[in-house]
Amino acid sequence: MATYPRKVKIIDVGPRDGLQNEKSPVPAEIKIGLVHRLQQAGLTEIEVTSYVSPKWVPQMADNHEVMAGIERQPGVRYSVLTPNLKGFETAVADRPDEIVVFGSASEAFSQKNINCSIAESIERFAPVVEAARAAGIHVRGAMSCTVGCPYEGEIAPDRVAYLAGLMKGIGVQHIGVADTIGVGTPVKVQRAIEATLQHYGVDDISGHFHDTYGQALANTLASLEMGVWQFDTSVAGLGGCPYAKGATGNVATEDVVYMLQGMGIDTGIDLDKLIDAGAYISDFLGRKPNSRAATALLNKRAG
Ligand SMILES: CC(C)(COP(=O)([O-])OP(=O)([O-])OC[C@H]1O[C@@H](n2cnc3c(N)ncnc32)[C@H](O)[C@@H]1OP(=O)([O-])[O-])[C@@H](O)C(=O)NCCC(=O)NCCSC(=O)C[C@@](C)(O)CC(=O)[O-]
């Protein structure tokens with residue numbers, strides 16, 4: 001039997017990663033309502049929004065309104081994405097607890113997503129990381145396309161190690177290993193994590209798995225087996241990346257919490273309240289939650 005961590009921390013990225021790709025505008029008050037429901041469900045890490053170009057990602061243009069409207073709960077960390085100093089300087093006025101710089105293991109995805117090469121992205125991130133740390137703001141990094149890229153295909157683990165080393169070199173404190181397009185399978189994901197472990201300890205690594213091919217829970221389990229205990233997930237399985245056509249949302253928070261509860265692993269999350277949060281946003285979007293566990297439990301409730 002594999003040994004698993006006794007506790008897992010979930011970072012719900014639904015309000016940001018989940019909603020960034022929605023075609024119709026989602027009003028700030030709905031996003032705020034979602035954040036409130038997530039914290040009521042026991043989430044202690046919520047990725048709220050991003051400070052990126054509104055021309056590139058219009059759905060996140062209300063970042064200030066959303067951050068200002070949240071009634072903050074003690075013990076909850078609110079994070080935001082900041083790709084450059086311009087984004088950081090705007091974000092800092094909204095008092096995030098954590099900022100996220102996001103790079104890519106694939107050159108082509110870096111160009112499509114943030115309009116620069118991997119090397120240039122690190123040059124842009126370095127002053128952001130320095131300013132954030134000087135202001136006492138925690139810095140997380142996200143590494144996209146650690147298994148596969150929509151433009152380059154399979155990505156070799158040494159490219160993941162290379163990016164992780166660059167992120168570490170500029171002072172990024174925690175690193176997320178993302179399977180942006182959900183093509184990963186357990187052994188490939190383990191190789192990407194192994195590459196990241198060359199530069200970061202296991203306590204500073206999180207998994208971020210999209211569920212395009214239905215592999216995200218298996219990839220979560222494979223990561224748990226390596227001692228990874230922090231995961232980005234998205235309530236109701238919301239999401240997709242505007243620069244990764246066809247990729248679906250992150251693994252649903254409900255599915256991960258259901259699996260972990262069944263394994264006796266503590267998440268601190270109330271599954272019933274989480275289902276309510278997922279139903280709230282899914283009702284607004286006019287569709288069913290993209291979560292097997294949520295669907296089963298909602299059907300059970302309905303009798
Ligand atoms: C990165 C940039 C901004 C570079 O964009 P750029 O065009 O290279 O930057 P620029 O410095 O040349 O500026 C061009 C225009 O953008 C403005 N600008 C410049 N920076 C900002 C900013 N921070 N906030 C607001 N506006 C900004 C700037 O003021 C200017 O405005 P104009 O003069 O044309 O009116 C752009 O490429 C961009 O916004 N890209 C969107 C990236 C994004 O949000 N992608 C989705 C999130 S990442 C993701 O989902 C993956 C992840 C993290 O979940 C992990 C995974 O699954 O892989």
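Start with Lys55: an N or O atom in the Lys55 side chain lies 2.8 Å from an oxygen atom of the ligand. That is one of the polar contacts (pairs of N or O atoms within 3.5 Å) in this predicted model.

| Side chain (N or O atom) | Ligand atom | Distance |
|---|---|---|
| Lys55 | oxygen | 2.8 Å |

Taken alone, the ligand exposes 1,100 Å², and the protein buries 75% of that (Shrake-Rupley areas, 1.4 Å probe).

Around the ligand are 28 residues, with Arg16, Lys55, Asn113, Ser144 and Thr180 coming nearest; to count, a residue needs a heavy atom within 4 Å. By class, that shell has 13 nonpolar, 10 polar and 5 charged residues, where Asp, Glu, Lys and Arg are charged, Ala, Val, Leu, Ile, Met, Phe, Trp, Tyr, Cys and Pro are nonpolar, and the others, Gly among them, are polar.

So where does the ligand sit? In the largest pocket, with "sits" meaning that more than half of its atoms lie within 2 Å of the pocket's grid points. A pocket is an open set of points on a 1 Å grid over the protein atoms alone, where a 1.4 Å probe fits, with protein on both sides within 12 Å along at least five of seven lines; lining residues have an atom within 4 Å of a point. This one holds about 730 Å³ of space, the volume filled by probe spheres set on the points. Its lining counts 41 residues, with Val52, Pro83, Phe102, Asn113 and Ile114 closest to the centre.

Residues are numbered from 1 along each chain as its sequence is written. Local features need pLDDT of at least 70 and side-chain atom pairs 80 or more, while totals for chains, interfaces and linings use all residues, and side-chain values use heavy atoms, without hydrogens or water.

Note on methods. Polar contact = N/O pair within 3.5 Å; in protein donor to acceptor, adjacent residues only side chain to side chain.
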